[in-house]
Amino acid sequence: MAERLELLIPERRIRARVAALAREIDVDYRGKKLSLLVVLKGASIFAADLMREIEIPSTIDFIGAASYGEGIRSSGQVVLRGLDTLDLAGRDILIIEDILDTGRTSTALLDRLRQHGPASLALCVLLRKPAAAALDLPIGYIGFDIPDDFVVGYGMDYAERYRNLRGVHRLIFDIGEGGAGAQKPPPERGQFG
(Lines give C-alpha, C1' and ligand atoms only; values in the text may rest on other atoms or scores of the structure.)
Protein backbone atom coordinates (compact mmCIF):
# COMPACT_ATOMS: atom_id res chain seq x y z
CA MET A 1 0.00 0.00 0.00
CA ALA A 2 1.58 3.26 -1.15
CA GLU A 3 0.95 6.58 0.48
CA ARG A 4 0.90 10.04 -1.02
CA LEU A 5 0.41 13.58 0.17
CA GLU A 6 -2.08 16.16 -1.04
CA LEU A 7 -1.52 19.76 0.03
CA LEU A 8 -4.46 21.06 2.05
CA ILE A 9 -3.11 24.32 3.55
CA PRO A 10 0.05 25.90 2.13
CA GLU A 11 2.73 27.46 4.32
CA ARG A 12 1.90 31.06 3.29
CA ARG A 13 -1.72 30.67 4.49
CA ILE A 14 -0.55 29.15 7.77
CA ARG A 15 1.90 31.98 8.40
CA ALA A 16 -0.73 34.63 7.67
CA ARG A 17 -3.27 32.94 9.94
CA VAL A 18 -0.76 32.48 12.78
CA ALA A 19 0.09 36.21 12.63
CA ALA A 20 -3.63 37.10 12.73
CA LEU A 21 -4.21 34.78 15.72
CA ALA A 22 -1.29 36.40 17.56
CA ARG A 23 -2.80 39.88 17.03
CA GLU A 24 -6.11 38.65 18.50
CA ILE A 25 -4.32 37.10 21.48
CA ASP A 26 -2.33 40.32 22.06
CA VAL A 27 -5.59 42.31 22.29
CA ASP A 28 -7.50 39.76 24.38
CA TYR A 29 -4.72 39.10 26.93
CA ARG A 30 -3.16 42.56 27.29
CA GLY A 31 -2.48 43.18 30.98
CA LYS A 32 -3.07 39.56 31.97
CA LYS A 33 -0.73 36.78 33.14
CA LEU A 34 -0.73 34.75 29.94
CA SER A 35 0.64 31.22 30.04
CA LEU A 36 0.87 29.24 26.82
CA LEU A 37 0.48 25.52 27.51
CA VAL A 38 1.63 23.51 24.49
CA VAL A 39 0.38 19.97 23.90
CA LEU A 40 3.29 17.90 22.54
CA LYS A 41 4.43 16.87 20.05
CA GLY A 42 2.08 17.92 17.30
CA ALA A 43 1.54 21.53 18.39
CA SER A 44 5.24 22.33 18.86
CA ILE A 45 5.82 24.06 15.51
CA PHE A 46 2.51 25.93 15.64
CA ALA A 47 3.30 27.08 19.18
CA ALA A 48 6.82 28.23 18.28
CA ASP A 49 5.56 30.28 15.34
CA LEU A 50 2.66 31.69 17.38
CA MET A 51 4.87 32.62 20.33
CA ARG A 52 7.25 34.55 18.04
CA GLU A 53 4.30 36.59 16.76
CA ILE A 54 2.76 37.34 20.18
CA GLU A 55 4.03 40.67 21.49
CA ILE A 56 2.64 40.72 25.04
CA PRO A 57 4.58 39.05 27.89
CA SER A 58 3.84 35.36 28.30
CA THR A 59 5.29 32.15 29.64
CA ILE A 60 5.37 28.78 27.90
CA ASP A 61 5.12 25.25 29.27
CA PHE A 62 4.79 21.86 27.60
CA ILE A 63 2.73 18.79 28.43
CA GLY A 64 2.24 15.41 26.81
CA ALA A 65 -1.19 14.04 25.97
CA ALA A 66 -2.15 10.80 24.23
CA SER A 67 -5.28 8.77 23.68
CA TYR A 68 -4.28 6.64 20.69
CA GLY A 69 -1.29 4.67 21.92
CA GLU A 70 -0.40 2.25 19.15
CA GLY A 71 -3.93 1.69 17.83
CA ILE A 72 -5.91 3.18 14.97
CA ARG A 73 -8.68 4.49 17.19
CA SER A 74 -8.70 6.43 20.40
CA SER A 75 -8.64 4.21 23.46
CA GLY A 76 -11.06 6.61 25.14
CA GLN A 77 -8.56 7.10 27.95
CA VAL A 78 -6.33 10.15 27.83
CA VAL A 79 -2.87 10.00 29.38
CA LEU A 80 -1.48 13.39 30.44
CA ARG A 81 2.15 14.00 31.38
CA GLY A 82 3.84 17.02 32.90
CA LEU A 83 0.92 18.80 34.56
CA ASP A 84 1.84 18.00 38.15
CA THR A 85 4.99 20.15 38.13
CA LEU A 86 3.35 23.30 36.75
CA ASP A 87 2.30 26.30 38.85
CA LEU A 88 -0.72 27.62 36.96
CA ALA A 89 -2.80 29.06 39.80
CA GLY A 90 -4.14 32.51 39.03
CA ARG A 91 -2.77 32.53 35.48
CA ASP A 92 -4.66 32.92 32.21
CA ILE A 93 -3.99 29.62 30.45
CA LEU A 94 -4.13 29.35 26.67
CA ILE A 95 -3.80 25.72 25.59
CA ILE A 96 -2.09 25.37 22.21
CA GLU A 97 -3.29 22.29 20.28
CA ASP A 98 -2.50 21.12 16.78
CA ILE A 99 -5.87 19.59 15.94
CA LEU A 100 -9.27 19.29 17.58
CA ASP A 101 -10.89 16.05 16.44
CA THR A 102 -13.08 14.20 18.97
CA GLY A 103 -12.36 16.61 21.83
CA ARG A 104 -11.47 13.84 24.32
CA THR A 105 -7.93 15.06 24.90
CA SER A 106 -8.96 18.70 25.29
CA THR A 107 -11.83 17.79 27.64
CA ALA A 108 -9.55 15.69 29.87
CA LEU A 109 -6.91 18.39 29.86
CA LEU A 110 -9.38 21.15 30.74
CA ASP A 111 -10.79 19.04 33.60
CA ARG A 112 -7.32 18.52 35.05
CA LEU A 113 -6.28 22.14 34.58
CA ARG A 114 -9.34 23.44 36.45
CA GLN A 115 -7.93 21.67 39.54
CA HIS A 116 -4.89 24.00 39.36
CA GLY A 117 -7.00 27.13 39.93
CA PRO A 118 -6.23 29.18 36.81
CA ALA A 119 -7.76 32.63 36.32
CA SER A 120 -9.05 31.51 32.90
CA LEU A 121 -8.78 28.63 30.41
CA ALA A 122 -9.10 28.74 26.64
CA LEU A 123 -8.02 26.72 23.61
CA CYS A 124 -6.08 27.86 20.56
CA VAL A 125 -6.19 25.17 17.86
CA LEU A 126 -4.56 25.19 14.47
CA LEU A 127 -7.11 22.81 12.93
CA ARG A 128 -10.69 21.85 13.80
CA LYS A 129 -12.58 18.93 12.28
CA PRO A 130 -16.39 18.90 11.76
CA ALA A 131 -17.24 16.75 14.80
CA ALA A 132 -15.35 19.15 17.06
CA ALA A 133 -17.33 22.16 15.83
CA ALA A 134 -20.35 20.94 17.82
CA LEU A 135 -18.42 20.54 21.08
CA ASP A 136 -18.97 22.84 24.03
CA LEU A 137 -15.32 23.69 24.66
CA PRO A 138 -13.76 27.09 25.41
CA ILE A 139 -12.23 27.49 21.95
CA GLY A 140 -10.96 31.03 21.76
CA TYR A 141 -8.94 30.78 18.57
CA ILE A 142 -9.19 28.54 15.49
CA GLY A 143 -6.69 28.54 12.67
CA PHE A 144 -8.64 26.55 10.08
CA ASP A 145 -11.69 24.32 9.85
CA ILE A 146 -10.82 21.23 7.81
CA PRO A 147 -12.65 18.15 6.49
CA ASP A 148 -12.55 14.88 8.40
CA ASP A 149 -9.24 13.78 6.82
CA PHE A 150 -6.07 12.44 8.37
CA VAL A 151 -3.53 15.23 8.05
CA VAL A 152 0.21 15.55 8.52
CA GLY A 153 2.81 18.28 8.37
CA TYR A 154 3.50 21.46 10.32
CA GLY A 155 4.31 19.34 13.37
CA MET A 156 1.71 16.60 12.90
CA ASP A 157 2.87 13.12 12.07
CA TYR A 158 2.12 9.67 10.82
CA ALA A 159 4.38 7.13 12.55
CA GLU A 160 6.71 10.01 13.51
CA ARG A 161 7.13 11.05 9.84
CA TYR A 162 6.07 14.21 8.02
CA ARG A 163 6.33 16.60 11.00
CA ASN A 164 8.86 18.65 9.01
CA LEU A 165 6.51 19.54 6.14
CA ARG A 166 5.87 23.29 5.99
CA GLY A 167 2.22 22.95 4.97
CA VAL A 168 -0.65 20.76 6.13
CA HIS A 169 -1.26 17.76 3.87
CA ARG A 170 -3.89 15.03 3.58
CA LEU A 171 -2.25 11.62 3.87
CA ILE A 172 -3.76 9.31 1.25
CA PHE A 173 -3.18 5.58 1.00
CA ASP A 174 -3.32 4.16 -2.51
CA ILE A 175 -4.87 0.73 -2.40
CA GLY A 176 -5.81 -1.82 -5.03
CA GLU A 177 -4.91 -2.04 -8.66
CA GLY A 178 -4.52 1.15 -10.56
CA GLY A 179 -3.68 3.02 -7.36
CA ALA A 180 -7.22 4.20 -6.67
CA GLY A 181 -6.80 6.52 -3.70
CA ALA A 182 -8.65 6.00 -0.49
CA GLN A 183 -8.02 7.56 2.84
CA LYS A 184 -8.50 5.44 5.89
CA PRO A 185 -7.24 5.86 9.44
CA PRO A 186 -3.53 5.06 9.51
CA PRO A 187 -2.44 2.27 11.82
CA GLU A 188 -0.35 4.51 14.06
CA ARG A 189 -0.01 8.12 15.11
CA GLY A 190 2.96 9.11 17.21
CA GLN A 191 2.35 8.54 20.89
CA PHE A 192 2.06 11.82 22.81
CA GLY A 193 1.25 13.87 19.80
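**A loop proline and an aromatic cluster**

Reply: Start with P147. Beyond its neighbours within four places in sequence, P147 is in contact with L8, K129 and P130. The model is predicted. P147 lies in the loop between β7 (139–145) and β8 (151–152). P130 is 17 residues away from P147 in sequence, yet their C-alpha atoms are 6.5 Å apart in space. P147 is partly exposed, because its relative accessible area is 40%.

Now the rings. A pair of aromatic rings is described by the distance of the centres and the angle of the planes. The count of aromatic pairs here comes to two. F150 has a relative accessible area of 14%, so F150 is buried. Y158 is buried too, with a value of 8%.

Y158 also pairs with F173. Their centres are 5.5 Å apart and their planes stand at 80°, so this pair is edge-to-face. It links distant parts of the chain. Y158 sits in the loop between β8 and β9 (168–174), while F173 belongs to strand β9, 15 residues apart. F173 is buried, because its relative accessible area is 4%. Together, F150, Y158 and F173 form one aromatic cluster.

One more ring deserves a look. The charged end of K32 sits over the ring of Y29, 5.8 Å from the ring centre.

Finally, the setting. The protein chain has four helices and 10 strands. Of its 193 residues, 46% are buried.

Methods: Residues numbered from 1 in each chain as written. Predicted model: local features only at pLDDT ≥ 70, side-chain atom pairs only at ≥ 80, totals over all residues. Heavy atoms only, no water. Helix = DSSP H or I, 4+ residues; strand = E, 2+ residues; numbered from the N terminus. Buried < 20%, exposed > 50% of the residue type's maximum accessible area, 1.4 Å probe, protein only. Contact = heavy atoms within 4.5 Å. Phe/Tyr/Trp six-rings, centres within 6.5 Å; stacked < 30°, edge-to-face > 60°. Lys NZ or Arg CZ within 6 Å of the ring centre and 35° of its normal.
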